[in-house]
Amino acid sequence: QVQLVESGGGLVQAGGSLRLSCAASRNIFNAMGWYRQNSGRQRELVADMSFGGSVRYADSAKGRFTISRDFAKNTVFLQMNSLKPEDTAVYYCNAKYQGSDLWGQGTQVTVSS
């Protein structure tokens, strides 16, 4: 069983930065990324990166967030700058593994105005 362990969430003022980390317990030879969800809303893609290094960003994340991976350590990062109150959500790590979606436990990000 593959586990995804997230860290790095917290409370930050608007304009601040946070860095999320997610470590997988096994090699992920596929995409890894980050989604977020607010209560009452669907989970949405923030950013992901394929094993080949191709990246996708939500329009809301472009220019402010940067995704990266340490393939040797099976870890994916999300550097979030210029945070806004509307970025407040639970952020979930995601990995595509053997045809399935794996999810982390979620980490809360709260941006105060």
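Student: Does Arg36 count as buried or exposed?

Tutor: First, this is a predicted model: local features need pLDDT of at least 70, side-chain atom pairs count only at pLDDT 80 or more, and totals for chains, interfaces and linings use all residues. Residues are numbered from 1 along each chain as its sequence is written, and side-chain values use heavy atoms, with hydrogens and water left out. Buried means under 20% relative accessible area, exposed over 50%, and partly exposed in between (1.4 Å probe, protein chains only). Arg36 has 7% relative accessibility, so we call Arg36 buried.

Student: Which residue does Arg36 form a salt bridge with?

Tutor: You need a side-chain nitrogen of Lys or Arg within 4 Å of a carboxyl oxygen of Asp or Glu. The closest N and O atoms of this pair are 3.0 Å apart, and the partner of Arg36 is Asp87.

Student: How many residues apart in sequence are the parts tied together by that pair?

Tutor: Arg36 lies in strand S4 (residues 32–37), while Asp87 is in the loop between S8 and strand S9 (89–97). Strands here are DSSP runs (E, at least two residues), numbered from the N terminus. So the pair ties together parts whose separation in sequence is 51 residues.

Student: Which residue meets Arg64 in a salt bridge?

Tutor: Look for a pair of side chains with an N to O distance of 2.7 Å. The partner of Arg64 is Asp87.

Student: Which residues do the salt bridges that share partners join into one network?

Tutor: Arg64 and Asp87 are both buried. Salt bridges with shared partners make one network out of Arg36, Glu44, Arg64 and Asp87.

Student: In what order do the 4 strands of the open sheet stand?

Tutor: Two strands pair if DSSP finds at least two bridges between them. In this sheet the pairing is antiparallel, and the order is S1-S3-S8-S7.

Student: Which strands stand at the edges?

Tutor: Each edge strand has a single partner strand, so one side of each is left without a neighbour in the sheet. The two strands in question are S1 (4–7) and S7.

Student: What about Ser21: buried or exposed?

Tutor: Ser21 sits in strand S3 (residues 18–24). Leaving aside neighbours within four places in sequence, Ser21 is in contact (heavy atoms within 4.5 Å) with residues including Val5, Trp34 and Phe77. At 18% relative accessibility, Ser21 is buried.
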